[in-house]
Amino acid sequence: MDRKNTLLAVPSDFEEKLAIMHMIDRPLCDLRVTDFCASSGVSRKRFYRLFKSKFDIVFWYYDVCNRMTLYEIGRTLTWGEAFTRQLILLDEEHDFLARESASALADGRFAENRLRSFNKRKDILIETLEVYRGITVTHEIVMEVSIYAEMESVLMTQWLLGTSNLSLKEFVVMWEDCVPRQLHDALLG
């Protein structure tokens with residue numbers, strides 16, 4: 001699937017950031033910013049306007065994917081549509097993302113990355129429920145949102161690391177089946 005057809009709106013600096021990401025050929029922890037500035041022709045000053053740090057490249061790509069897919073659940077996309085589009089986007093950058101996931105697991109950055117993703121995902125889901133769906137968020141819904149946000153991170157990591165033998169379609173069905181029922185139904189249609 002063509003990336004521009006997958007994304008709802010491509011950020012203006014997307015191609016420049018993607019080009020920098022594509023220059024990375026080994027784990028980020030083994031590189032210096034000057035390494036990919038030299039190989040991509042981007043100045044350090046420009047690099048730091050685009051990213052907070054070299055590790056921010058991973059967060060940036062996940063955030064772009066999430067904004068165009070998972071954050072749209074209950075807004076413009078169904079659960080299945082969002083999951084399918086998310087996995088397609090992850091597959092497009094599979095080698096980079098799988099390498100960085102494995103590296104983050106090995107050097108301890110994974111927990112920090114996961115917490116950052118978890119908190120942002122919870123906030124987006126609650127915003128969608130309250131603002132886009134007009135739903136009063138109860139303690140039970142907050143618990144389901146927390147459970148789901150944790151599970152989502154685990155499932156995406158499993159997909160990237162290839163720990164599942166499921167096809168994309170089977171994985172999407174399994175993922176949607178794992179969404180807590182009250183949350184699932186609240187954002188269904």
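Buried means under 20% relative accessible area. The model I am showing is predicted.

Start with one residue. Lys-17 has a relative accessible area of 9%, so Lys-17 counts as buried. Its partner is Asp-13: the two form a salt bridge, and their closest N and O atoms are 3.3 Å apart. Asp-13 is partly exposed, because its relative accessibility is 23%.

Now the overall layout. The protein has 11 helices and 0 strands. Of its 189 residues, 47% count as buried. Take the contacts between residues at least 6 apart in sequence: 69% of them join residues at least 24 apart.

Next, the inside. In soluble globular proteins, nonpolar side chains tend to be buried together. Here, the largest nonpolar core has 51 residues, and those touching the most other members are Phe-36, Phe-47, Ile-57, Phe-83, Tyr-148 and Trp-175. Helix α9, residues 139–161, gives the largest share of this core, with 8 residues.

What does Phe-47 touch, leaving out residues up to four places away in sequence? Its contacts include Ile-20, Val-33, Phe-36 and Ile-57. Cys-37 is also among them, and Cys-37 counts as buried because its relative accessibility is 9%. Another cysteine, Cys-65, is at 1%, so it counts as buried too. The structure holds 0 disulfides.

Phe-83 brings us to helix α6, where Phe-83 is one of the buried residues, along with Trp-79, Gly-80 and Ala-82, among others. This helix runs over residues 79–92, which is 14 residues. At 1.5 Å a residue it should span 20 Å, and its end C-alpha atoms are 20 Å apart, so the two values agree.

Last, the charged pairs. How many salt bridges does a search of the whole structure find? The count is 9. One of them joins Glu-16 and Arg-46, with the closest N and O atoms 2.6 Å apart. That pair links distant parts of the chain, as Glu-16 lies in helix α2 and Arg-46 in helix α4, 30 residues apart. Glu-16 counts as partly exposed because its relative accessibility is 29%, and Arg-46, at 30%, is partly exposed as well.

Another salt bridge is between Asp-25 and Arg-26, at 3.3 Å for the closest N and O atoms. Asp-25 is exposed, because its relative accessibility is 55%. Finally, Asp-63, Arg-67 and Lys-120 are linked in a network of salt bridges.

Methods:
Residues are numbered from 1 along each chain as its sequence is written. This is a predicted model: local features need pLDDT of at least 70, side-chain atom pairs count only at pLDDT 80 or more; totals for chains, interfaces and linings use all residues. Side-chain values use heavy atoms; hydrogens and water are left out. A nonpolar core is a set of buried Ala, Val, Leu, Ile, Met, Phe, Trp, Tyr and Cys residues joined through side-chain atoms within 4.5 Å. Buried means under 20% relative accessible area, exposed over 50%, partly exposed in between (1.4 Å probe, protein chains only). Helices (H or I, at least four residues) and strands (E, at least two) are DSSP runs, numbered from the N terminus. Contact means heavy atoms within 4.5 Å. The expected span of a helix is 1.5 Å times one less than its number of residues. A disulfide is a pair of cysteine sulfur atoms within 2.5 Å. A salt bridge is a side-chain nitrogen of Lys or Arg within 4 Å of a carboxyl oxygen of Asp or Glu.
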